Amino acid sequence: MKIGIHHRKGSFSDRWIEYLEEKKIPYVILNAFDNDIIRQIKVNEVTHFMWHFNQNYFEDMLHAKSLFRSVNQIGVKTFPNEDAYWHFDDKVAQKYLLEALGVPLVKADVFYHKKEAEKYVENTSFPKVFKLKGGAGSINVKLVKTKSQARKIVKQAFGRGFDAFDSWAVFTDTIERFWRQKTKHNFLRIIKWGFKGIFVDKQYKVFPKQRNYVYFQEFIPNLTYDIRLIVIGDKCYYLKRNTRDNDFRASGSGMLEFAPGKFNLEAVNIAFKAARQLNMVCVAYDFIFDSKEQPLIVEISYGFQPYVYDRCLGFYDTALNWNESKVNLEYEIVHNFLNGF
Ligand SMILES: Nc1ncnc2c1ncn2[C@@H]1O[C@H](COP(=O)(O)OP(=O)(O)O)[C@@H](O)[C@H]1O
Ligand SMILES: [Mg+2]
């Protein structure tokens, strides 16, 4: 067994490397972007290739899937595996996948033709939630209160399209956070985002416009939080995220709670079951609860921000019992991946 790792500081690979060092498992650091990466994988006799590729880097999204798929073809196992990455950062793909698997999700409606979208808007009720298929931290998630707002969205979706990365939304969100938390870190982010949003923003400007599809979702009202459950192997980790003031969105608020409060544990059950159906070593779910406290999935993802979850206080086991423990998700990922999960 030899592990190839594409290393990026501040990603899962920091601790994957620590784990491999600790367990004395042979590994090699590779640069997935090297033109001769396939040759390097072969020469090094890599059996497992790991890359925490990230939706915020266009080059990652451009390249990771084809590289993974190609090395799969010669028997190299990858993290994430194909079942985990093909729908990564794609809420539209996830709609069909979760519907196919019969996993409970918030009802989502997607249209690829203007006429059908217009007809839908005339016949449906509002409010609805409008989303782009990609994005994190709620930046591409908006409440559509009226039919006329929805008409405008449809017009734009089938016209000039939407920026994949709404830097203005990130900027205003950071300001909101600064007023709430008044930290130096957030102040610096405002400066950075103010600058980036208005003048530079190169990293994000390369993403193509989002157009020729439109995604609306049933709006579940009166929520004050969502929960993130992360299933890795036979453990399920928990994080609660409160919504911003006067806002229905929790993701990206930074208002986190780690002690599992009261919630319908059926969510944990669904998370374990769906992880098996999805065939994913690691899957993070965002869950919200409807008026009858029934858990509904909002989105799924193989990857997420590292380090935040160090503050988790333990995990649920498959019998739905809570176990207090120290948490190191990166270790769990590499451990379960290498041990065939
Ligand atoms: N259909 C919905 N009804 C009510 N709240 C929602 C709905 N969809 C998303 N939200 C809220 O908005 C937040 C962001 O939505 P999500 O689809 O997870 O986008 P992101 O990828 O940006 O995290 C969620 O954390 C949740 O609080
Ligand atoms: Mg989310």
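Modeller: A polar contact is a pair of N or O atoms within 3.5 Å; within protein, one must be able to donate a hydrogen and the other to accept it, and residues adjacent in sequence count only if both atoms are side-chain atoms. This is a predicted model: local features need pLDDT of at least 70, side-chain atom pairs need 80 or more, and totals for chains, interfaces and linings use all residues. Residues are numbered from 1 along each chain, chains are lettered from A and ligands numbered from 1 as written, and side-chain values use heavy atoms, without hydrogens or water.

Colleague: Which residues come nearest to ligand 1?

Modeller: Near means a heavy atom within 4 Å. Around ligand 1 there are 22 residues, and those that come nearest are K91, K131, S138, D226 and S251.

Colleague: How far is an oxygen atom of ligand 1 from an N or O atom in the side chain of E299?

Modeller: Take two other side chains to begin with. For K91 the distance from a ligand 1 oxygen to a side-chain N or O atom is 2.7 Å; for D286 it is 3.2 Å. For E299 it is 2.8 Å.

Colleague: How much of ligand 1 does the protein bury?

Modeller: Accessible area comes from the Shrake-Rupley method with a 1.4 Å probe. Alone, ligand 1 exposes 550 Å². The protein buries 99%.

Colleague: Which elements give two or more residues to the shell around ligand 1?

Modeller: Strands are DSSP E runs of at least two residues; helices are H or I runs of at least four. The elements here are strand 6 (128-131), strand 8 (214-218), strand 12 (282-289) and strand 13 (295-301).

Colleague: Where is the cis peptide bond from F126 to P127?

Modeller: Most peptide bonds are trans. The F126 to P127 bond is cis, with omega near 5°. P127 lies in the loop between helix 6 (114-123) and strand 6.

Colleague: What is phi of D89?

Modeller: Most residues other than glycine have a negative phi. D89 is in the loop between helix 4 and helix 5 (91-101). Its phi is positive, near 55°.
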